[in-house]
Amino acid sequence: MQHLVNPFELPGKWYKADLHAHTTVSDGQLSPADRVEQYRRAGYDVLALTDHVATNDVRSLTDERMLVVGGMEYHPVCPTCEFEHIKKRYDPATSGNFDLYHLIALNIPHGFKFDDPDDANRCIAQVRAAGGETFIAHPSWGGFGYEDFRNLEGLVAIEIYNAGCDLNGRPSSENEWSIALDRGWVLPAVGNDDAHRVDTEEVFGCWTWLKMPAPTAENVAGAVRTGACYVSNGPEIHDFRIADGKIQVRCSPAAKICFSAGPSGLGRRRRADEGETITSFAIDVTDETSLWPYIRATVTDSSGRQAWTNPIIL
Ligand SMILES: [Zn+2]
Ligand SMILES: [Zn+2]
């Protein structure tokens, strides 16, 4: 299995990022400048504008307080998705949307256009050739399982939580991520708002902490690709590493901390007593844990909000 970096062992600073946001350039309700101001005021360090099949000129939107990254949400065809039973209930002019991928390109130049917009692998390669990277957005919300995205070559990460998709009751793609990891595909995780609206229904609901030497668009794409990040919709993770014979995590007050390590009984859980909280979990490295393919930590606070580390590959 390919290894990721461990951001908790890397030098640099943590930057709070939203990597998936819409504006009036596509179907969002705020202008690019107003969307940027909304996140700047909320204390974010990085915002990617990712309008549907459209780019933004981000140069004038970035300032010393917040980096704005040029991106795009694009929709090539997924050949394995079959939604005929759903599509026939809807207007045929629009129901083709069910079998289109939602992929997010980060760090692409303004005016970027695809040569063949339907071909996912060609699109991903073209994003790469332009210096960018692609992650898959909200697979569960779109009805996409691991089998539907396993053939995407060059995909660098998966959006495991999307606050906007919570409006439809499908915010989490943690399961799809777990299956990919179980099958040996080491994909880092990101989490985002996917804001379309003006109000706070779908903003500030999930974010990605990026560990970077400096806030540049290249470093944002690099941190996502190498796993120098973790996802949260509430709790903070202060440390996660294997050291001194222990697998250990430290975090803000939590009701439960889990180590997920694979299918069929791998992994462990520590739960706080009723009404109490815990801020760490450590287990010994043993002959048994040495067989685990990977280990990642999930922290759940007493409100049910969560934070997820990327996996350490064992
Ligand atoms: Zn989408
Ligand atoms: Zn979106």
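Donors in these legends are N, O and S atoms within 2.8 Å of the metal (3.2 Å for Na, K and Ca); water is not among the atoms, so sites may look incomplete. The model is predicted: local features need pLDDT of at least 70, side-chain atom pairs count only at pLDDT 80 or more, and totals for chains, interfaces and linings use all residues. Residues are numbered from 1 along each chain as its sequence is written, chains are lettered from A and ligands numbered from 1 in the order in which they are written, and side-chain values use heavy atoms, with hydrogens and water left out.

**View 1. Glu73 coordinates both zinc ions.** The zinc ion (ligand 2) and the zinc ion (ligand 1) lie 3.5 Å apart. His20 sits in the loop between strand S1 (13-18) and helix H1 (32-41), and Glu73 in strand S3 (residues 67-74), so this pair ties together parts that are 53 residues apart in sequence. Helices (H or I, at least four residues) and strands (E, at least two) are DSSP runs, numbered from the N terminus. His20 is buried at a relative accessible area of 0%, and Glu73 is buried at 1%. Buried means under 20% relative accessible area, exposed over 50%, and partly exposed in between (1.4 Å probe, protein chains only).

**View 2. Four residues hold the zinc ion (ligand 2).** The donors are His20 (NE2), His22 (NE2), Glu73 (OE) and Asp194 (OD), at 2.1 to 2.2 Å. Along the chain they follow the spacing H-x1-H-x50-E-x120-D. Angles among the four donor atoms run from 80 to 168°, and the site is irregular. Four donors count as tetrahedral if all angles lie between 85 and 135 degrees; four count as square planar and six as octahedral if opposite donors are over 155 degrees apart and all others between 65 and 115; anything else is irregular.

**View 3. Glu73, His102 and His138 coordinate the zinc ion (ligand 1).** The donor atoms are Glu73 (OE), His102 (ND1) and His138 (NE2), at 2.0 to 2.2 Å. Their spacing in sequence is E-x28-H-x35-H. Glu73 in strand S3 and His138, in the loop between strand S5 (133-136) and helix H4 (146-149), link distant parts of the chain, 65 residues apart. Both Glu73 and His138 are buried.

**View 4. Aromatic pairs number 16 in the whole structure.** Among them, Phe83 and Phe98 form a tilted pair, 6.2 Å centre to centre with 50° between the planes. Phe83 lies in the loop between S3 and helix H2 (84-87), and Phe98 in the loop between H2 and strand S4 (103-106), 15 residues apart. Phe83 is buried at 12% relative accessibility; Phe98 is partly exposed at 30%. Phe259 and Phe281 have ring centres 4.6 Å apart and planes at 10°, so that pair is stacked. Rings of Phe, Tyr and Trp (its six-membered ring) pair if their centres lie within 6.5 Å; planes under 30 degrees apart count as stacked, over 60 as edge-to-face and the rest as tilted.

**View 5. The charged end of Lys16 sits over the ring of Tyr44.** The distance to the Tyr44 ring centre is 4.7 Å. The charged end of Lys16 also sits over the ring of Trp207, 4.2 Å from its centre. A charge sits over a ring if NZ of Lys or CZ of Arg is within 6 Å of the ring centre and within 35 degrees of the ring normal.
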